[in-house]
Amino acid sequence: MFQKILIANRGEIALRVLRACKELGIQTVVVHSTADADAMHVRLADESVCIGPPPSRDSYLNIHQIVAACEITGADAVHPGYGFLSENAKFADILAAHNITFIGPSGDHIRIMGDKIEAKRTAKRLGIPVVPGSDGAVTEEKEARRIAAEIGYPVIIKASAGGGGRGMKVARSEADLVVALQTARSEAGAAFGDDAVYIEKYLEKPRHIEVQVFGDGAGRGVHFGERDCSLQRRHQKVWEEAPSPALNAEERAHIGGVCARAIADLGYSGAGTIEFLYENGEFYFIEMNTRLQVEHPVTEAITGIDLVHEQIRVASRGGLSMRQEEIRFQGHAIECRINAEDPRTFTPSPGTITHFHTPGGLGIRVDSGVYSGYKIPPYYDSLIGKLIVHGRNRVECMMRLRRALDEFVVDGIKTTLPLFRDLVGNADVANGEYDIHWLEKYLADED
Ligand code: ADP
């Protein structure tokens with residue numbers, strides 16, 4: 001087991017990882033920018049190292065400073081959290097070259113999954129169902145037209161190097177296709193420095209369903225069921241739940257089994273999420289995230305397993321602590337992402353939190369790094385906390401969520417709490433009847 005872990009992140013996830021380390025009796029080091037000197041995780045860590053000024057590229061993304069912090073403090077492993085360097089293959093390779101363990105998969109696995117064309121090819125080879133489309137990059141108009149005609153309109157053109165929903169264009173007819181291809185390529189080139197694009201069938205009303213997997217790096221793989229993250233705004237997840245209201249036990253076991261076997265065959269190590277669009281009873285792979293996800297607590301709620309403990313254990317070559325048959329699903333969990341944003345316009349609302357009161361009681365978990373008097377710096381992501389509610393079934397979970405949202409107080413800044421208070425009372429949400437476009441339509445109708 002590791003003696004000392006360096007946490008290369010900030011905010012709620014840095015605190016989340018720190019808690020897991022403390023429980024396991026592992027010493028903690030956090031790195032932070034000058035803007036985060038007052039952060040909760042900095043106060044609670046055994047050691048802290050200031051690695052630079054506020055902009056992320058000068059601090060949380062500065063690989064040299066982070067490696068230097070490991071060497072100064074004698075950390076033997078790094079947990080990257082999510083975002084920042086968590087899916088940076090070069091970072092994983094550099095740490096390995098310094099004999100520091102990256103708590104995550106190998107640089108090569110990060111690289112494969114970071115290239116969407118390569119990821120899709122790999123998924124297909126491993127028996128994971130994928131969206132019908134081009135077999136690799138498409139550059140010629142003629143080829144694009146042929147593929148689109150074959151799979152049928154509408155189609156979507158996506159950037160191989162894509163992320164955050166950028167570089168995607170939908171074409172509803174051959175007339176749209178040429179322009180869509182050109183725009184997607186130039187957007188991808190500008191945003192990612194790589195203009196490779198590919199074509200997929202565009203699904204009209206899918207749900208976003210993702211499977212949590214874990215590999216031990218030695219040929220074993222397990223799944224922890226799925227999460228439904230269909231309630232999204234601008235491709236950003238807003239509300240996540242487990243299990244999905246749309247799946248039955250048979251579908252769950254089937255897709256979970258497919259994913260667990262794929263992870264085992266790949267020799268993958270650590271936590272991963274295989275993301276699908278789901279429509280008319282079919283799953284279509286879109287991408288794999290090679291890290292812990294923001295929404296991992298809903299899976300922890302229904303399985304009772306601490307996924308960060310498991311990541312640390314696997315990274316220290318201790319193997320997985322359980323077999324597939326020992327992972328049981330109990331009840332229902334929902335997570336609301338609370339952002340420091342205007343609940344109508346979603347413009348960021350940094351500033352000082354004058355009063356912060358979190359709900360409590362059975363089945364309630366709040367993961368947050370903020371506190372009364374905390375000043376939210378304007379430089380980073382606007383997520384200030386996550387409310388995770390667990391109940392014996394979805395109805396109980398929703399009742400508890402409504403009550404918890406009523407108790408939650410964040411004064412001094414604007415937050416997205418009012419949006420969740422509206423959603424929890426909505427009939428479609430109550431019935432679990434929504435697809436990936438539902439929230440955008442709901443917000444547009446409100447205006
Ligand atoms: P990114 O890495 O940029 O987030 P993804 O491939 O995960 O890109 O896709 C992001 C979102 O775009 C999906 O959650 C979905 O809303 C939409 N999308 C992607 N592919 C398709 C598709 N073939 N049909 C319909 N919507 C899609």
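Helices (H or I, at least four residues) and strands (E, at least two) are DSSP runs, numbered from the N terminus. With that in hand, let us walk through the structure. This is a predicted model, in which local features need pLDDT of at least 70 and side-chain atom pairs count only at pLDDT 80 or more, while totals for chains, interfaces and linings use all residues. Residues are numbered from 1 along each chain as its sequence is written, and side-chain values use heavy atoms, with hydrogens and water left out.

Let us start with strand β1, residues 4–7. Both of its faces are covered: Lys 4 and Leu 6 are buried on one side, and Ile 5 and Ile 7 are buried on the other. Here buried means under 20% relative accessible area, exposed means over 50%, and partly exposed is in between (1.4 Å probe, protein chains only). Strand β1 pairs with β2 in the parallel sense over four bridges; two strands count as paired if DSSP finds at least two bridges between them. Within this pairing, Ile 5 stands opposite Thr 28 in β2.

Ser 33 has Gly 52 in β3 as its bridge partner. These strands belong to an open sheet of five, in the order β3-β2-β1-β4-β5, with parallel pairing. The edges of that sheet are β3 (47–52) and β5 (101–102), each of which pairs on one side only.

Next comes helix α1, which covers residues 11–23. Its 13 residues should span 18 Å at 1.5 Å a residue, and the end C-alpha atoms are 19 Å apart, which agrees; the expected span is 1.5 Å times one less than the number of residues. Among the buried residues of α1 are Ile 13, Leu 15, Val 17 and Leu 18, and also Glu 12 and Arg 16. Just after the helix, Gly 25 takes a positive phi of about 75°.

Gly 304 follows α10 and has a positive phi, near 75°.

Now turn to strand β12, which spans residues 269–279. It is largely enclosed by the rest of the structure, because 11 of its 11 residues are buried. Antiparallel to it runs β9, joined to β12 by 10 bridges, and Val 211 stands opposite Ile 274 in β12. Strand β13 also pairs with β12 in the antiparallel sense, over seven bridges, and here Thr 273 stands opposite Asn 289 in β13. The hairpin of β12 and β13 has two residues between the strands, and in it Asn 280 takes a positive phi near 45°.

Two further residues deserve a stop. Lys 237 lies in strand β11, residues 236–242, and is buried, with a relative accessible area of 14%. Its side chain makes a polar contact of 2.9 Å with that of Glu 275 and another of 3.0 Å with that of Glu 295. A polar contact is a pair of N or O atoms within 3.5 Å; within protein, one must be able to donate a hydrogen and the other to accept it, and residues adjacent in sequence count only if both atoms are side-chain atoms. Gly 219, by contrast, is found in the loop between β9 (207–216) and β10 (221–233) and is partly exposed, with a relative accessible area of 41%. The C-alpha atoms of Gly 219 and Ala 264 are separated by 4.6 Å, although the two residues are 45 apart along the chain.

Finally, we reach the ligand. Lys 116, Lys 158, Gly 165, Lys 201 and Leu 203 come nearest of the 21 residues around the ligand, where a residue is near if one of its heavy atoms lies within 4 Å. Strands β6 (155–159), β8 (197–201), β12 and β13 (282–289) each supply at least two residues of this shell. A polar side-chain atom of Lys 116 lies 2.8 Å from a ligand oxygen atom, and a side-chain N or O atom of Glu 287 lies 2.9 Å from an oxygen atom of the ligand. Leu 203 uses its backbone instead, placing an N or O atom 2.9 Å from a nitrogen atom of the ligand. The protein covers 94% of the 550 Å² of accessible area that the ligand has on its own (areas come from the Shrake-Rupley method with a 1.4 Å probe; for residues, only the protein chains shown count as cover).
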